[in-house]
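Keep the viewer open as you read.

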Amino acid sequence: MIIELGHFALILACILAAAQAIIGFTLWRGNALADRFVSQAAILQFALVGFAFAALCQAFMADDFSVQLAVSHSHSLQPMLYKFTSVWGNHEGSMLLFVLILVLFGAAVAAFGRNLPSDLRTLVLSNQGMMVAAFSAFVLFTSNPFWRLDPAPFDGTELNPVLQDIGLAIHPPLLYLGYVGFSICFSFAMAALISGKIDAAWARWVRPWTLASWAFLTLGIAMGSYWAYYELGWGGWWFWDPVENASFLPWLSGTALLHSAIVMEKRNALKVWTIFLAIITFSLSLLGTFLVRSGILTSVHSFASDPTRGMVILAMLAALIGGAFTLFALRASALRSGGLFAPISREGALILNNLFLSAATAGVLVGTLYPLVLESLTGARITVGAPFFDITFGALMVPLLLLIPFGPFLAWKRGDLGAVTQRLMAAIIVTVIISLVVYGFMGFPISLAPIGLAIGFWVMVGAIADLVDRAAFGRTGFRQSMARLRGLPRTAWSTALAHFGMGVTVLGVVCATAFQTEIVTSMRQGETVDIAGYSITYEGEIHTDGPNFSADRGSYAVISPWGGERTITSERRVYPVSGTPTTEAGIGTYGFSQMYIQFGERVGPDARVARLWHKPYVLLIWLGTIIMASGAFLSLTDRRMRVGAPAKPRRKAKLAGANK
Amino acid sequence: MMRFVMAVIAAWSLMAPGVGFAVQPDEVLDNPVLEQRARSISANLRCLVCQNQSIDDSDAELARDLRLLVRERLVAGETDTEVYDYVVARYGEFVLLRPVFAGHTIVLWVATPILLIIGLIVTIVSAMRLRKHKTERTKLTKEEEKALAQLRKG
């Protein structure tokens with residue numbers, strides 16, 4: 001009964017969204033009633049889809065195997081958490097999650113967008129409603145999660161054991177919050193094109209949504225990467241897999257959007273470009289979610305396995321993206337560009353940033369789609385794998401990373417590169433010293449790694465230098481500088497934080513790639529192997545049973561170079577319901593580094609294959625992304641984000657006092 | 001990462017991410033230099049039955065055969081290029097994770113740099129046009145000049 005109510009709620013939400021779109025698009029101009037209707041419809045949709053989603057969750061968690069989806073993706077023996085995550089560990093459920101987040105963002109605009117002009121709000125919500133209607137119809141007609149099965153089987157067939165992990169609870173929701181968050185930017189862009197009002201204020205209104213989506217997407221990708229790292233079992237953290245590329249593309253263009261929107265907000269320039277990026281970013285998100293999901297991107301053959309779903313997706317994408325770009329082409333030429341600026345200026349730096357990020361986006365997109373296009377045109381089959389992306393993407397990132405510290409130092413309109421370099425001189429010297437010291441510790445090897453490290457240090461030191469310079473350390477008294485530092489707008493802190501995080505990630509990537517050590521060997525019980533200063537002794541195995549699996553667990557005693565000893569265990573599991581084997585890597589964390597142990601096949605009465613990796617500073621990769629995302633979240637708390645919110649007079653007075 | 005999700009959704013049970021691991025101890029060559037070369041070649045060869053894994057990472061039977069083949073060839077004294085050529089001749093270009101630079105892949109290789117250059121040119125040109133446009137607009141029209149001259153006289 002509950003599941004039928006949920007089904008019905010989704011149907012209602014779909015109809016309501018369609019009504020919202022039709023009424024909103026026809027009556028948006030200066031109609032208070034239409035404005036109220038679309039706002040309330042947005043909030044009501046959230047309640048309805050939320051109920052539908054809860055109904056589905058209830059079915060999974062209560063082991064209701066009369067629901068077809070629960071039968072094919074859950075099992076009564078699964079721990080409760082995995083019964084819950086099973087809801088979106090499949091196509092139908094994940095599409096419902098997509099719709100849920102879509103209406104969540106719509107409701108958020110209705111709830112927090114009180115200070116938006118009425119016309120703009122109506123148009124944004126109408127556009128959002130149109131998408132809700134389209135995607136919930138897609139769910140209802142081609143991927144309905146609410147179908148019953150009669151007679152109901154006794155039990156389900158289990159969630160893919162590889163997915164039975166806390167990662168499934170974290171990664172997809174975060175990723176979707178990012179993907180779908182960009183739908184708001186897209187709706188804002190559509191609203192701007194329809195109403196013709198595109199100005200600095202628009203950029204300011206969109207900015208919090210871009211920031212939030214970008215932060216969620218950053219975390220989503222990073223958590224997915226960490227999940228793959230510990231679950232796939234060979235310690236890789238990025239594979240340039242089409243599926244990963246699909247999530248990376250909106251991140252790249254979203255990063256470009258984040259930066260170009262600043263130019264639009266501050267200088268009223270780059271308007272056409274910013275709107276274009278808003279459209280392209282969401283289009284790439286859709287490409288990520290739908291094309292990959294339908295299997296088109298990874299394999300043309302599985303596309304044929306479900307042609308209806310694939311065709312519907314393609315048609316929807318074509319209509320949505322095609323419509324958006326048609327509108328863009330019609331309206332973009334009418335946009336007046338704003339302020340003038342010299343090539344060497346903050347604007348110029350941000351344009352350069354956009355050029356590199358756009359080229360990177362295009363490069364990854366071409367690399368991902370090229371094999372598909374080539375095969376359909378000539379029949380030739382090629383592979384575009386990690387080595388290709390490492391070269392082309394790496395080549396673009398090096399100049400971009402080198403330029404990062406200059407950007408925040410340049411003045412708007414007209415900057416002085418010589419003066420900026422002078423102000424960055426201390427940062428340059430510090431970077432060179434740190435790099436040389438590290439290079440010395442490494443024993444002056446001939447390799448690219450020290451250059452990579454130097455770039456990472458440069459980005460990190462540059463971010464700190466930005467704060468130091470803004471607080472005028474060295475040019476004024478220490479206490480005054482501290483006061484200035486505290487008084488800096490949060491956006492200044494968030495810029496520095498995000499750039500610093502980027503540098504941290506670069507360090508992690510370089511270290512984990514260049515300095516990892518690996519040993520593949522068979523170990524007998526009691527045998528000891530030394531790796532990167534660690535000594536690892538195989539202590540033997542035991543057989544254990546989990547709630548829905550049985551496992552062989554190998555124990556290793558690990559003595560670190562600093563003397564501490566601990567036990568790391570690694571498992572090989574079998575899930576009897578589906579007969580799937582999985583492995584659980586044994587990971588020991590030492591500071592930012594990790595010892596990664598993979599317990600292998602039996603090669604004798606008391607011997608097992610073991611694959612051991614020492615991954616120095618690998619955690620910096622994900623730590624850096626968390627710092628980046630926290631930079632974005634910090635920026636969201638800036639008072640200036642809330643349009644029209646006056647600065648607290650008392651704080652102003654205090655600042656004035658400090659500056660005297 | 002999301003390939004797990006994919007694994008379920010597309011029901012590619014056969015292509016589910018490899019568990020267990022790739023290079024086995026008995027495959028490792030005694031000569032560390034040759035082994036190093038074998039590893040780096042393996043990282044550039046695709047496991048044909050997997051989704052998007054190199055033979056170095058894959059535990060599939062076919063990947064193992066290919067790894068052994070690469071090592072055999074290296075032990076026989078072939079250069080890296082000869083090994084690649086041999087594998088491509090047997091399995092086709094599809095096996096190379098890093099595509100060759102040839103007629104049919106030229107677009108792939110040059111697309112990114114060309115787009116970057118086009119982007120740069122478009123930016124510079126539009127900046128110059130904008131500048132010209134703005135300066136022209138700030139110039140006085142003939143009527144304005146006349147009026148100004150009148151004012152100056154008077």
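Predicted model: local features only at pLDDT ≥ 70, side-chain atom pairs only at ≥ 80, totals over all residues.

As general background, nonpolar side chains in soluble globular proteins tend to be buried together.

**Helices**

Helix H2 of chain A (residues 32-61) has 30 residues and reaches 43 Å from its first C-alpha to its last, close to the 44 Å expected at 1.5 Å a residue. H2(A) is followed by A:Asp63, which has a positive phi near 55 degrees.

Chain B brings in an annotation from a record. The unreviewed UniProt entry labels residues 106-130 of chain B as "transmembrane region". In the model, that span is 100% helix and 0% strand, and its end C-alpha atoms lie 35 Å apart.

**Two sheets in chain A**

One open sheet of chain A has four strands in the order S1-S9-S8-S7, with antiparallel pairing. S1 (517-524) and S7 of chain A stand at the edges with a single partner strand each, so one side of each is left without a neighbour in the sheet. From one strand to the next, the twist averages 20 degrees.

Within this sheet, S1(A) is joined to S9(A) (residues 607-615) by eight bridges, and A:Ser522 stands opposite A:Val609 in S9(A). S7(A) (residues 586-590) and S8(A) (residues 593-604) are joined by five bridges; here A:Ile587 has A:Tyr596 in S8(A) as its bridge partner. S7(A) and S8(A) form a hairpin with two residues between them, and A:Gly591 in the turn has a positive phi of about 65 degrees.

The other open sheet has five strands in the order S2-S3-S4-S5-S6 of chain A, again with antiparallel pairing. Its edges are S2 (528-531) and S6 (580-584) of chain A; each has a single partner strand, so one side of each has no neighbour in the sheet. The twist here averages 25 degrees from one strand to the next.

S2(A) and S3(A) (residues 534-545) run antiparallel and are joined by four bridges. Across this pair, A:Asp530 stands opposite A:Ser535, and A:Val529 stands opposite A:Ile536.

| Strand pair (chain A) | Bridges | Direction |
|---|---|---|
| S1 and S9 | eight | antiparallel |
| S7 and S8 | five | antiparallel |
| S2 and S3 | four | antiparallel |

Most residues other than glycine have a negative phi, and most peptide bonds are trans. Several places in chain A are worth a look with that in mind.

Which residues does a cis peptide bond join? The bond lies between A:Asp150 and A:Pro151, with omega about 0 degrees. A:Pro151 is found in the loop between helix H6 (118-142) and helix H7 (166-195) of chain A.

A:Asn268 is not a glycine, although its phi is positive, at about 60 degrees. A:Asn268 is found in the loop between helix H9 (242-267) and helix H10 (271-294) of chain A, and counts as partly exposed because it has 18 C-beta neighbours inside 10 Å.

A:Ala532 is not a glycine either, and has a positive phi of about 50 degrees. It belongs to the hairpin of S2(A) and S3(A), which has two residues between the strands. A:Ala532 is partly exposed, with 18 other C-beta atoms within 10 Å.

Conventions: Residues numbered from 1 in each chain as written. Chains lettered and ligands numbered in written order. UniProt positions renumbered as here; feature names shortened; annotations may be inferred. Pairing = 2+ DSSP bridges. Axes fitted to C-alpha atoms, helices over the stretch in contact; angles between N-to-C directions. Expected span 1.5 Å × (residues − 1). Buried ≥ 20, exposed ≤ 12 C-beta atoms within 10 Å, placed from the backbone.
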